[in-house]
Amino acid sequence: MTIAILGTGSYLPAEVVGNDEIGRTTGVTDEWIRRKTGIRERRRAAPGEATSDLAAQAGRRALAQAGIPAERLSYIIVATSTPDHPQPATASITQHLLGAHRAAAFDVNSVCSGFVYALSVAEHLLRPQGDAYALVVGGDIYSRILDYSDRKTATLFGDGAGAVVLGPARDRDGVLGTQLLTDGDHHELIRVPAGGSRLPASAATLDGGDHFFQMEGRGVREYVTRRLPEVIHQMLDGMGVDSDEIRHFVPHQANGAMLTDIWPSLGLDRAHLHLTVESQGNTGSGSIPVALDTVHRSGLLQRDDLVLLAGFGGGMSVGLALVRWSPVPVLRPLVEEVAAASVPTPVTV
């Protein structure tokens, strides 16, 4: 049984936050942010919006495109590192919002690799079952955990969610393989120190800013620059796929300047590098599925195209998925939805 992507969807909150606003608290200019990150603007969730709300919106759009009612779902997997609560799982709230009462629902947290990890889990769960479907969502609201005086992090992140519906392939196209790895020796590079069992919330952790997202930017860049090309070549060699066969590369939208710099080292000379980070920022677990939906709804994916998805993030973790694209009807957002969640045109390299 081959499992395919039957529909894609995404949701970006209505509020647009430009670089000038970020610069007022971080002490940097619009020019500095664009040069260092490639980001012009990002979205911010409304005060009443939680990650499950974004996930449900993206999920509805993916289900509508796939033509699959929520009641048919066997699984809902939400990849997030900014859950609604420590418990229950954000996926259970997403299930409630969608009315998908037959679905087993659970979360995956591999930070910005989370969507590919969740996709791999769903594909393995569905493969032996036949006529079964899964909704895989990646979504984060990083605006709630950022220190807006820290230019290393506040300039990068936005809020958003993306989703795919997985189910039996209508032909032999679909998810050809996934590869996941974790280098836990480097777990300290990306972290939220407090709020867990090692450092429970207290007045001292609040005063110390230990609930904010923290990142060693230089170390992360060095890790990704070294590790991502290695893992891509290992996966393609193991599957017997020539790198020249890859037509589309949809990476985690971590930092546009970094991705542009490392692109030549990946050896994907005939592929398009798809970047949506300029208008969306880094949406964490949401960045790959939001970018995939953007590329798909822009009409850039054709039958039999090989699409490589690549996530990398805290842990440190890397997740890859190779998909042979099968035809999916491109249903653009309804007119009344565009203002709240516009789909920007991706930049391809």
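Reader: Leaving aside its neighbours within four places in sequence, which residues is E49 in contact with?
Author: In this predicted model, E49 lies in the loop between β3 (41-44) and α3. When the neighbours within four places in sequence are set aside, the residues in contact with E49 are Y11, P13, L54, I141 and R144.

Reader: Which side chain of opposite charge is nearest to E49, and how far away is it?
Author: E49 is buried yet has no salt bridge. A salt bridge would need a side-chain nitrogen of Lys or Arg within 4 Å of a carboxyl oxygen, and the nearest side chain of opposite charge to E49 is R144, at 6.1 Å.

Reader: Is Q65 buried or exposed?
Author: Q65 is found in helix α3, which covers residues 51-66. Since buried means under 20% relative accessible area, and Q65 has a value of 5%, Q65 counts as buried.

Reader: Which side chain does Q65 join through a polar contact?
Author: The polar contact in question has a length of 3.4 Å and runs between side chains. The partner of Q65 in this contact is H296.

Reader: How are helix α1 and helix α2 oriented where they pack?
Author: Helix α1 (residues 19-26) and helix α2 (residues 30-37) have their axes 8 Å apart and pack at an angle of about 100 degrees. The contact is made by N19, D20, I22 and G23 of α1 together with D30, I33 and R34 of α2. Because angles of 65 to 115 degrees count as such, α1 is, relative to α2, roughly perpendicular.

Methods:
Residues are numbered from 1 along each chain as its sequence is written. This is a predicted model: local features need pLDDT of at least 70, side-chain atom pairs count only at pLDDT 80 or more; totals for chains, interfaces and linings use all residues. Side-chain values use heavy atoms; hydrogens and water are left out. Helices (H or I, at least four residues) and strands (E, at least two) are DSSP runs, numbered from the N terminus. Buried means under 20% relative accessible area, exposed over 50%, partly exposed in between (1.4 Å probe, protein chains only). A polar contact is a pair of N or O atoms within 3.5 Å; within protein, one must be able to donate a hydrogen and the other to accept it, and residues adjacent in sequence count only if both atoms are side-chain atoms. Lys and Arg count as positive and Asp and Glu as negative; His and the chain ends are not counted. Contact means heavy atoms within 4.5 Å. Axes are lines fitted to C-alpha atoms, for helices over the stretch in contact, and angles run from 0 to 180 degrees between N-to-C directions. Angles under 35 degrees count as roughly parallel, over 145 as roughly antiparallel, 65 to 115 as roughly perpendicular and the rest as oblique.
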